[in-house]
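Open the model in your viewer and keep the selection tool at hand. The tour moves from one selection to the next.

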Amino acid sequence: MENINQEIRNRVNLREIYRYLGYGTNTPEASVENLILEVLDRLLCTIKPKNLYKVYHNKISGNQVVLQENNRTFVFESQNLADNLAQCSIVVLLTATLGIEADKLLQRYEILHMTKAAVAQACGAACIEAYCNILQEQICEELSKKGTKLYLRPRFSPGYGDLSLQYQRVIFQELECTKRIGLTLTDSLLMYPTKSVSALIGLTANPQSCHIGKCSYCDNITCVFRAI
């Protein structure tokens, strides 16, 4: 556990935390930077990250993403998702969470120190993003060992673009999230613990420059998949 938490720490983008806190591209004053580092270190000493994923063959038919695994087939309807996965023969369903410990720390800060609570929200968002990036790279590397070199497409989550949030139920059912890692859905289809992500990840044999962390470097500011 300590190893993955340290790896998350190494991958956290502090500028993302600044952006979540409303600083845009600016760097906050030293006192705020110190507070961010204090809360981030406390969070990383607390969390117990967990994940689940499953690999599927992918076929695109119009606005439908058709995933197949053994004799099972199910469909996601979304033009944005279909465009994102158009060149992908493999799609991974992924869920990841920092665990209930992150929520407990946040609740504690909300009672004792609201400024730290705001910082903890931002740090938690950056940490779950870093964790997902690590997982994506590990999955891609593992699948590439089986044959053709694969490249990642950006994660695509229910509720993004025209992909209905209702597909959260499909992912949770497929991966048995509640049973296996204690990740649950609220009636409004939000995840608990809150610092969690569900997503579809495409892998393609075609070389890609548009994957983890690349939006901030890309000149295509009109891209529908742009993260920032």
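What follows is a series of stops, each with something to select and a note on what is there.

**Before you start**

This is a predicted model: local features need pLDDT of at least 70, side-chain atom pairs count only at pLDDT 80 or more, and totals for chains, interfaces and linings use all residues. Residues are numbered from 1 along each chain as its sequence is written, and side-chain values use heavy atoms, with hydrogens and water left out.

**Stop 1: the sheet**

Colour by secondary structure. Helices (H or I, at least four residues) and strands (E, at least two) are DSSP runs, numbered from the N terminus. Find the open sheet of six strands, in the order 3-2-1-4-8-5 with antiparallel pairing. Two strands pair if DSSP finds at least two bridges between them. Which strands stand at the edges? Select 72-77 (strand 3) and 151-152 (strand 5): each has a single partner strand, so one side of each is left without a neighbour in the sheet.

**Stop 2: strand 1 and its partners**

Select residues 50-61, strand 1. Eight bridges join strand 1 to strand 4 (residues 90-97), and the two run antiparallel. Strand 1 also runs antiparallel to strand 2, through five bridges. Now pick His 57. His 57 stands opposite Ile 90 in strand 4 and opposite Gln 68 in strand 2. Tyr 53 has Leu 94 as its bridge partner in strand 4. Then go to the hairpin of strand 1 and strand 2, which has two residues between the strands. Gly 62 takes a positive phi there, near 65°.

**Stop 3: Asn 58**

Stay in strand 1 and select Asn 58. Is this residue buried or exposed? Asn 58 is buried, with a relative accessible area of 12%. Buried means under 20% relative accessible area, exposed over 50%, and partly exposed in between (1.4 Å probe, protein chains only). Show the backbone oxygen of Cys 88: a polar atom of the Asn 58 side chain lies 2.6 Å from that oxygen. Leaving aside neighbours within four places in sequence, Asn 58 is in contact with residues including Val 65, Leu 67, Leu 85 and Val 91. Contact means heavy atoms within 4.5 Å.

**Stop 4: salt bridges**

The structure holds nine salt bridges. Each is a side-chain nitrogen of Lys or Arg within 4 Å of a carboxyl oxygen of Asp or Glu. Start with Lys 54 and Glu 69, whose side chains meet at 4.0 Å, N to O. This pair links distant parts of the chain, strand 1 and strand 2 (residues 64-69), 15 residues apart. Lys 54 counts as partly exposed at 27% relative accessibility, while Glu 69 counts as buried at 19%.

The side chains of Lys 54 and Glu 174 meet in a salt bridge at 3.8 Å, N to O. Lys 54 lies in strand 1 and Glu 174 in helix 7, so the pair ties together parts that are 120 residues apart in sequence. Glu 174 counts as buried, at 12% relative accessibility.

Next, select Glu 129 and Arg 155, a salt bridge at 2.5 Å, N to O. Glu 129 lies in helix 6 and Arg 155 in the loop between strand 5 and helix 7, so the pair ties together parts that are 26 residues apart in sequence. Glu 129 is partly exposed at 31%; Arg 155 is buried at 17%. Finally, show Lys 54, Glu 69, Arg 72 and Glu 174 at once: salt bridges that share partners join these four into one network.

**Stop 5: the nonpolar cores**

A nonpolar core is a set of buried Ala, Val, Leu, Ile, Met, Phe, Trp, Tyr and Cys residues joined through side-chain atoms within 4.5 Å. The largest has 44 residues. Select Ile 8, Val 12, Ile 17, Cys 123, Cys 127 and Leu 203, which have the most contacts inside this core. Elements that give two or more residues to this core include helix 1 (2-11), helix 3 (30-44) and strand 8. Which element gives the largest share? Helix 6 does, with 16 residues. Zoom in on Cys 127: its contacts beyond four places in sequence include Ile 8, Leu 40 and Leu 98.

Definitions and conventions: A polar contact is a pair of N or O atoms within 3.5 Å; within protein, one must be able to donate a hydrogen and the other to accept it, and residues adjacent in sequence count only if both atoms are side-chain atoms.
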